[in-house]
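Trainee: I would like a close look at a single part of this protein, please, with the rest of the chain as background.

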Amino acid sequence: MKVPPIGYVVIAGVSLFLVTKMIPAASSASICEVVINIEKISCGEKILLAPPGGLSRRDKQAGFAAIQQKDYTQGIDLLQKDWDLTKDPETLIALNNAKLIKSSAAKIKTIAVVVPISQTPVFVATSILKGVAEAQREWNQSNHEWKLKVVITDDSNDPVEGKKMANELVKYPDILAVLGHYSSNVTVNVKDIYQQAKTILLSPTSTANDLTSTDANNFFFRVVSSNQVSTNDMSRKWAKKYDKFALFYTPNKKFSESLRKAFSSQISPGSIVKEFDLTNPSNAAQEIAVAKAAGAKAIVLFPDAYTDPIERDRVLSIIKANQGQLPILADSMLQDAYLFQVNPQGLKNLVISVPIHPSDRLHIDEGKLSKSPNWWGDKSQLHERVINSYDAMQVLQSALDLANDREAIQKVISNPSFNVRGITGKISFKGSNRAEEINSLITPNCDLRKCEGFKAAF
């Protein structure tokens with residue numbers, strides 16, 4: 001590996017001296033030279049995400065197999081057919097990568113994206129990959145002197161698997177940065193691995209306050225606001241209406257625990273009259289009765305990020321048992337179509353806190369939203385995972401455009417003058433956290449018969 005030259009980068013008129021170093025690596029090979037032998041990592045030669053629609057499976061499987069055999073002409077043709085039919089983001093990333101190899105792009109920079117494919121609903125990884133795939137395509141089709149390769153990896157949304165994946169990725173010096181991980185529970189456990197390897201970890205989704213750092217040499221950043229910001233919004237706009245709460249959460253999981261702690265610190269002492277464990281398969285109707293008997297005037301639902309298999313069923317059972325009687329405040333895990341299994345009456349008085357929603361005109365760049373691709377889906381209901389993964393890619397691509405190695409990328413992003421614009425507007429950083437405080441409160445969009453999508457709650 002060649003050591004890039006020492007040089008200067010100018011950001012908004014500020015000269016930034018970049019000292020580049022060769023970092024120790026366990027492998028001198030590039031990740032895509034050896035990836036075929038590594039489980040749950042793909043440059044486009046093996047499928048990690050089950051393709052949507054049985055009719056497309058043959059082209060996708062054959063396309064990936066062709067790439068594995070280095071038949072890029074055939075692989076590109078098959079992947080293009082699958083992409084045209086399904087709009088599968090994994091297919092698009094593999095197609096983008098294959099086109100780079102076939103065109104013999106003079107200069108390629110590589111990043112990895114870590115998504116929770118195993119043990120997590122398929123739409124979670126798919127939504128993150130949508131933003132990544134489109135940003136990669138836009139960059140590679142534009143007139144840039146270098147092109148971007150994306151490696152897809154699966155951490156199973158599990159801290160142990162996440163550590164294995166992080167230790168594997170940092171071994172390869174051509175991986176200049178990593179986008180991920182999904183859940184705070186995993187990110188908290190892997191952050192130090194990237195820190196020690198001096199590799200940028202940029203998360204579009206991890207919000208736990210435990211991840212906050214003010215260290216100038218920190219290598220973790222996030223484009224999504226922390227739980228401190230979201231609970232500020234909750235307490236200012238929603239919680240002030242009520243004085244007694246029953247709180248349901250998932251103990252010992254970072255996202256849920258962080259929300260519980262931050263929310264509790266922003267309401268009057270003693271306001272939480274009863275707490276319930278979402279991992280305990282209890283009778284929801286009895287829990288609602290207990291909450292009311294304790295004096296609860298509202299319910300707070302803080303499930304974790306799909307890290308416990310019982311949570312989704314528990315959340316639904318609580319909402320159904322409540323039948324719209326007590327107002328409910330919930331975290332972003334409830335911004336999900338499965339919620340509409342509940343009848344409109346049951347979703348009455350439900351408010352959901354999410355990192356961003358297109359209905360939040362204060363924090364959305366309307367011009368960029370309008371230019372988002374149609375294959376992402378309904379722009380008025382675009383999920384925050386799609387938006388924030390796309391915005392995270394804008395950060396990484398802009399930093400990679402100014403730097404050629406891991407430490408130099410960190411110096412670019414951490415510079416106070418560095419900023420980019422995404423669908424969520426200006427993006428800059430204060431320590432590890434995004435400097436702009438963004439959060440949206442939404443509610444199901446219902447009439448007497450049905451609910452479709454979400455709208456601003458305030």
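Leaving aside its neighbours within four places in sequence, which residues is Phe 429 in contact with?

Mentor: Happy to take you through that. First, some ground rules: this is a predicted model, in which local features need pLDDT of at least 70 and side-chain atom pairs count only at pLDDT 80 or more, while totals for chains, interfaces and linings use all residues. Residues are numbered from 1 along each chain as its sequence is written, and side-chain values use heavy atoms, with hydrogens and water left out.

Now to your residue. Phe 429 sits in strand β16, residues 429-430; helices (H or I, at least four residues) and strands (E, at least two) are DSSP runs numbered from the N terminus. Its contacts, meaning heavy atoms within 4.5 Å, are with Leu 202, Phe 221, Arg 222, Val 223, Val 395, Ile 413, Phe 418, Arg 434 and Ala 435, once neighbours within four places are set aside. With a relative accessible area of 9%, Phe 429 is buried; that word stands for under 20% relative accessible area, exposed for over 50%, and partly exposed for what lies in between (1.4 Å probe, protein chains only). For a sense of distance, the C-alpha atoms of Phe 429 and Gly 44 are separated by 32 Å, the two residues being 385 apart along the chain.

Several of those partners turn up again in the core. A nonpolar core is a set of buried Ala, Val, Leu, Ile, Met, Phe, Trp, Tyr and Cys residues joined through side-chain atoms within 4.5 Å. The largest one here has 83 residues, and the members that touch the most others are Val 113, Ile 200, Leu 202, Phe 263, Val 395, Ile 413 and Phe 429. Helix α13 (residues 384-400) contributes the most to this core, nine residues. There is also a second, separate core of 28 residues, with Ala 246, Tyr 338, Val 342 and Ile 352 among its members. In soluble globular proteins, nonpolar side chains tend to be buried together.

Beyond its neighbours within four places in sequence, Phe 263 is in contact with Thr 231, Met 234, Ala 239, Leu 247, Val 300, Phe 302 and Leu 329. Thr 231 and Met 234 are also among the buried residues of helix α8 (residues 227-237), along with Asn 227, Val 229, Ser 230, Asp 233 and Ser 235. The cover over the buried residues of α8 includes α9 (254-265), β11 (298-302), β12 (328-330), β13 (350-354) and β18 (440-446).

A few loops deserve a look as well. Most residues other than glycine have a negative phi, and most peptide bonds are trans. Between β6 (175-179) and α7 (184-196), the loop holds His 181, which is joined to Gly 180 by a cis peptide bond with omega of about -15°. Ser 183 is found in the loop between β6 and α7, and is buried with a relative accessible area of 1%. Not counting residues up to four places away in sequence, Ser 183 touches Asn 157, Ser 206, Ala 305 and Thr 307.

Asn 252 is in the loop between β9 (245-249) and α9 and is exposed at 68% relative accessibility. Tyr 306, in the loop between β11 and α11 (311-322), counts as buried at 9%.

Finally, the background you asked for. The chain has 14 helices and 19 strands, and 59% of its 458 residues are buried. Its C-alpha trace spans about 70 × 50 × 40 Å along the principal axes. A compact globule with 458 residues would have a radius of gyration near 23 Å, and the chain's 22 Å agrees with that; the radius is taken over C-alpha atoms, and the globule rule is 2.2 Å times the number of residues to the power 0.38. Of the contacts with a separation of 6 or more, 67% are between residues 24 or more positions apart.
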